[in-house]
Amino acid sequence: MAESPEALSGQDVGSFAYLTIKDRMPQILTKVIDTLHRHKSEFFEKHGEEGTEAEKKAISILSKLRNELQTDKAILPLVAQFVDTDMWNQYLEYQQSIVAEGDGQARWFYSPWLFVECYMYRRIHEALIQSPPISDFDVFKESKEQNFFESQESIVTLCTYLQEVTRTHGELDEDQLKSEFFKFLQVSLWGNKCDLSLSGGESIAQKMNVLDSLEDLKPFILVNDMEQLWSLLSNHKKTRERASVRVDIVLDNSGFELITDLVLADFLLSSNLATEIHFYGKMIPWFVSDTTLHDFHWLVAQVKHSAHQSTAQCGAAWESHVETGRWVYQDHLFWTLPHEYCAMAQVAPDLYADLQKADLILFKGDLNYRKLTGDRKWAFTTPFYQALKGFHPAPLCSVRTIKAEVQVGLQPGQGEALTASDPGWLSTGTYGVFQFDRSP
């Protein structure tokens, strides 16, 4: 196999990676520190003086972390014992072993962006682990819940539409069913714009009716493999060669995006395009708005208790899907490690084996895309299959709005034309892809 290009990093002054490390990451740390400070009285009420001391300790650790980042200090090993500590420290040793110059230390601006960004979120978690009794406090919980509450109008519209389609799906012919499938896929794609790590934790609620915008947004889909997804799932449905068809969704953001994913998942069941859905989320708070087990169950409960009838009906149905095992939520420590996915079979063979049981895997969002492709400086025309570097557990599709300077599988000249007309196209979330790989 040809050698892979180098990883994106903060060495490229002016690049999105550089600006993220220089500006966005310190901004997120500042917000985390502010959040802990605002909850000072709550920690005291719950835990007394011990809670106050824990808050001070966590803030002190995080302030030190922010200073390390901003002054490009050496990246330090993790010290608090947790289920993944040894794996992280082994990965850091690997990064140090490939540093070609200087003092042999991996540093913030000179190490791969994917690694240092993941490492920052893991260090935030470590600051909490080191500060009992507030170790379980989710510093991003408020912003995730705010995104959900501020997107209520769009959520009601989507749930109402889903209920209408579910009631009439028996009357739909194949072309109409396909049309609805494409609609729900696109809703899930554009739901991915709601990414709080891109906005530095600032609120970015979904205010517009995304269903009304789908036609206008179609030209912004740069790679559109929806037909192949339809072909795969509709063929399974037609042939009925197996009793079950399993679709896995590797989740990205909580809040409005998670709603769009659950609406798609519900449609897949009601239309018999799938018989079971497995969702994968994060074990710890991650990249500001990523979905955890708590977020998943909290959101389903919120929808179920909505004052709006159609929304509440969706929530009740979703709760039932979970209870009957048609929806399965899983997490795994691999999703919050810094490894690219081509290392999964070796690093997390149990997870890889589980993904092999799927008929289709949908990878939501930008971080998943970066890990699928190794976050490297691939040419725009590099085939997606090649950039996956042997990661083929099952047919898979990236469903992603583009927020990082890595994109493969484009037509010759397509990337260059976009750069000429819209220089920031790789980092704004304006464009999206449905990028499919059928192998194995």
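In which helix is the place of L158? Select L158 and colour the helices: the residue sits in helix α7. Keep in mind throughout that this is a predicted model.

**Stop 1: L158**

The relative accessibility of L158 is 1%, so the residue counts as buried. Next, show the side chains around L158. Leaving aside residues up to four places away in sequence, L158 touches V187, L211, F256, I259 and T260. V210 and L158 are 52 residues apart along the chain, and their C-alpha atoms are separated by 8.4 Å.

**Stop 2: α7 against α13**

Stay with α7, residues 152-168, and select helix α13, residues 309-324. The two axes come within 8 Å and cross at roughly 70°. That makes α7 roughly perpendicular to α13. The crossing of this pair is left-handed.

Now show the side chains where the two helices meet. On the α7 side, pick I155, V156, C159, T160, L162, Q163 and R167. Their partners in α13 are S310, T311, Q313, C314 and W318. Sorted by class, this contact has 6 nonpolar, 5 polar and 1 charged residues.

**Stop 3: α11 against α13**

Keep α13 and select helix α11, residues 256-270. Here the packing angle is about 70°, and the axes are 11 Å apart. The helices α11 and α13 are therefore roughly perpendicular to each other. The crossing of α11 and α13 is left-handed.

From α11, display I259, L262, V263, D266 and L269, which meet A317, W318 and H321 in α13. The residues of this contact divide into 6 nonpolar, 1 polar and 1 charged. I259 was on view at the first stop, among the residues that L158 touches.

**Stop 4: α12 against α13**

The axes of α12 and α13 are 6 Å apart, and the packing angle is about 140°. The two helices are therefore oblique to each other.

In α12, select F296, H297, V300, V303 and K304. In α13, the residues they meet are T311, A312, C314, G315, A316, W318, E319 and V322. By class, the contact has 8 nonpolar, 3 polar and 2 charged residues. W318 is listed in the contact of α13 with α7, with α11 and with α12.

**Stop 5: salt bridges**

Side chains of opposite charge can pair when their charged atoms come close. How many salt bridges does the count come to? There are 28, and the tour visits some of them.

The side chain of D295 meets that of K144 in a salt bridge, at 2.8 Å from N to O. Are D295 and K144 buried or exposed? Both are buried.

Stay in α6, residues 141-150, and select E142. E142 forms a salt bridge with R38, and the closest N and O atoms are 3.1 Å apart. R38 belongs to helix α1, residues 16-38, and the two partners are 104 residues apart. R38 is exposed, with a relative accessible area of 52%, while E142 is partly exposed at 35%.

Move on to K46 and E42, a salt bridge whose closest N and O atoms are 3.7 Å apart. Both residues are in helix α2, residues 40-47, and they are separated by about one helical turn, being 4 residues apart. K46 is exposed, with a relative accessible area of 59%, whereas E42 counts as partly exposed at 28%.

Finish this stop by selecting R246, D248, D354 and K357, which are linked in a network of salt bridges.

**Stop 6**

Switch to a backbone view and go to P132 and P133. A cis peptide bond joins them, with omega about 10°. P133 is in the loop between α5 and α6.

Next, select D72, in the loop between α3 and α4. D72 is not a glycine, yet its phi is positive, about 55°. At 16% relative accessibility, D72 counts as buried.

V288 is buried, with a relative accessible area of 2%.

Note on methods: Residues are numbered from 1 along each chain as its sequence is written. This is a predicted model: local features need pLDDT of at least 70, side-chain atom pairs count only at pLDDT 80 or more; totals for chains, interfaces and linings use all residues. Side-chain values use heavy atoms; hydrogens and water are left out. Axes are lines fitted to C-alpha atoms, for helices over the stretch in contact, and angles run from 0 to 180 degrees between N-to-C directions. Angles under 35 degrees count as roughly parallel, over 145 as roughly antiparallel, 65 to 115 as roughly perpendicular and the rest as oblique. A crossing is left-handed if the near helix is turned anticlockwise from the far one by less than a right angle, and right-handed if clockwise. Contact means heavy atoms within 4.5 Å. Ala, Val, Leu, Ile, Met, Phe, Trp, Tyr, Cys and Pro count as nonpolar, Asp, Glu, Lys and Arg as charged, and the others, Gly among them, as polar. A salt bridge is a side-chain nitrogen of Lys or Arg within 4 Å of a carboxyl oxygen of Asp or Glu. Buried means under 20% relative accessible area, exposed over 50%, partly exposed in between (1.4 Å probe, protein chains only).
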